[in-house]
Structure formats: C-alpha cells, structure tokens
Amino acid sequence: MKRKSVFGKPEDCDAVLLHACCAPCSSAIVEWMMQHEVRPTIFYYNPNIFPREEYEIRKNESKRHADSLGIEWIDGDYDHDRWLQGVCGLEGEPERGRRCEQCFKLRLTRAAQEAKRLGLTYFTTTLASSRWKSLEQIERAGHLAEQAVDGTRFWAQNWRKGGLYERRNQLLKEFDFYNQQYCGCEFSFPKFGNSK
C-alpha cells in the first residue's frame with residue numbers, strides 16, 4: 001500500500017524537466033518521482049559554479065547518477081562569463097541576498113526554455129532541497145521563468161520534507177557521491193570549504 005505523499009504533484013504531470021544542481025541533491029527527488037510515475041529528465045545547468053574543475057566534478061557525478069538509473073540527462077553547457085554578466089553589480093550581496101535570487105532566475109529561465117524545447121510543460125529544481133537556500137526566492141524565480149517562457153509551468157515544491165533530506169544523505173553514501181559544502185558560486189566560496 002502506497003503512503004500518501006506530502007508532495008503536491010500536479011495531477012496532469014507524468015514527465016518533468018528537473019533542473020539539478022548536483023547528484024546528491026537530485027538523488028532522492030529522482031527516486032521519489034520514479035516511484036510516483038513521474039519521468040524526470042535531468043537538466044544540468046549551473047554556470048555559477050567556479051572553478052571549472054569543480055563544475056566538471058559535479059557534472060560528471062550528475063551524469064553518472066542519471067546513467068545508473070537509465071534516465072535522460074542533458075548538459076546545459078558552461079558559460080560562466082555570461083553568468084557573471086547576469087549577476088554584475090550583485091557580487092557583494094550576502095548569501096540569500098539579491099545575487100542568489102538573480103542566479104536562480106537565470107538558471108530557471110534557461111530550464112524553462114529547455115523544457116519547452118523538449119515539449120515538457122513542467123519544470124522544477126533541486127535548489128529547493130537545500131537548507132541553505134531561500135524557498136521563497138526559488139519560488140519567485142521559478143514563477144518569473146514560467147512567465148518568460150510560454151507554455152511552461154513551474155512545479156514549486158519544498159523538496160526538503162517527507163523524509164527526502166534524510167534519504168538524500170543515505171543515497172549520498174550508497175552512491176559514494178562527491179559532496180560539496182558550498183553552492184558553487186565564487187562569491188560564496190570564501191565562506192565555505194569543500195569536502196567529500
């Protein structure tokens with residue numbers, strides 16, 4: 001017997017573009033989706049990550065995870081210079097400040113564009129699984145993205161609840177994922193280290 005889900009899955013959603021920041025954050029979300037008859041396509045688009053070596057490590061882990069499950073994985077490419085232009089003037093903002101919200105908006109608008117290209121109505125993001133991020137900022141950015149790209153809908157979801165955060169930590173160990181301790185942005189790097 002299936003447990004009642006705490007997540008508000010849209011009734012007409014059987015496929016979704018999942019913008020993924022990294023394998024650890026996407027793992028439990030992907031597992032939940034597959035258990036609830038939603039086919040995710042992972043879209044790895046994270047031009048905020050710095051340095052390039054860090055980006056490649058996270059990208060390869062995300063692809064390894066998707067390949068192990070036989071699900072589609074798309075590389076959104078790395079255009080760090082364009083991202084820097086997009087957050088120009090916000091470099092000194094604190095974490096959860098205006099730079100973060102602008103970063104979410106840039107990445108989720110690109111995710112909405114990719115969803116439309118693939119013929120998918122819904123898109124969502126693993127950013128809403130991180131306890132370090134503002135759910136309100138992510139939701140605002142997602143709704144701005146859906147408004148910018150006709151025919152798309154943002155599935156706003158708090159992916160921290162329902163035991164998914166704990167399951168994420170279990171899957172991190174099971175898959176032996178590389179696990180970073182900062183979001184990837186060079187402006188947050190001095191405040192955090194990174195570790196496996």
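Mentor: This is a predicted model. Helix 1 has 13 residues and should span 18 Å at 1.5 Å a residue, and its end C-alpha atoms are 18 Å apart, so the two values agree.

Trainee: What makes helix 1 "mostly covered"?

Mentor: Of its 13 residues, 10 are buried. Among them are Cys-25, Ala-28, Ile-29 and Trp-32. The cover over the buried residues includes strand 1 (15-19), strand 2 (39-44), helix 2 (52-69), strand 4 (122-125) and helix 6. After helix 1 comes Glu-37, with a positive phi near 60 degrees.

Trainee: Which elements give two or more residues to the lining of the largest cavity?

Mentor: The search of the whole structure finds 1 cavity of 30 Å³ or more, and the largest cavity has a volume of about 40 Å³. Helix 1 (23-35) and helix 6 (164-175) each give two or more residues to its lining. The lining includes Cys-25, Ala-28 and Ile-29, along with Leu-164, Tyr-165 and Arg-168. By class, the lining residues are 6 nonpolar, 1 polar and 1 charged.

Trainee: Why is Glu-93 called buried?

Mentor: Its relative accessible area is 18%, and buried means under 20%, so Glu-93 counts as buried. Glu-93 lies in the loop between helix 3 (80-86) and helix 4 (98-118). Leaving aside neighbours within four places in sequence, Glu-93 is in contact with Arg-98 and Arg-99.

Trainee: How many aromatic pairs are there?

Mentor: The count comes to 10 aromatic pairs.

Trainee: Why is the pair of Phe-43 and Tyr-45 called stacked?

Mentor: Their ring centres are 5.9 Å apart and their planes are at 10 degrees. A pair needs centres within 6.5 Å, and planes under 30 degrees apart count as stacked, so Phe-43 and Tyr-45 form a stacked pair. Phe-43 has 0% relative accessibility and therefore counts as buried. Tyr-45, at 11%, also counts as buried.

Trainee: What makes the pair of Phe-123 and Phe-154 tilted?

Mentor: The centres are 5.3 Å apart, with 45 degrees between the planes. Stacked needs under 30 degrees and edge-to-face over 60, so the rest count as tilted, and this pair is tilted. The pair links distant parts of the chain, with Phe-123 in strand 4 and Phe-154 in strand 5 (residues 153-154), 31 residues apart. Both Phe-123 and Phe-154 are buried.

Trainee: Which residues do ring pairs link into a cluster?

Mentor: Tyr-44, Tyr-55, Trp-73 and Tyr-78 are linked into a cluster by ring pairs.

Notes
Residues numbered from 1 in each chain as written. Predicted model: local features only at pLDDT ≥ 70, side-chain atom pairs only at ≥ 80, totals over all residues. Heavy atoms only, no water. 1 Å grid on protein atoms, 1.4 Å probe; cavity = no way out; pocket = protein on both sides within 12 Å on 5 of 7 lines; lining within 4 Å. Points joined across faces, edges and corners; volume = space filled by probe spheres on them. Helix = DSSP H or I, 4+ residues; strand = E, 2+ residues; numbered from the N terminus. Nonpolar A, V, L, I, M, F, W, Y, C, P; charged D, E, K, R; others polar. Buried < 20%, exposed > 50% of the residue type's maximum accessible area, 1.4 Å probe, protein only. Contact = heavy atoms within 4.5 Å. Expected span 1.5 Å × (residues − 1). Phe/Tyr/Trp six-rings, centres within 6.5 Å; stacked < 30°, edge-to-face > 60°.
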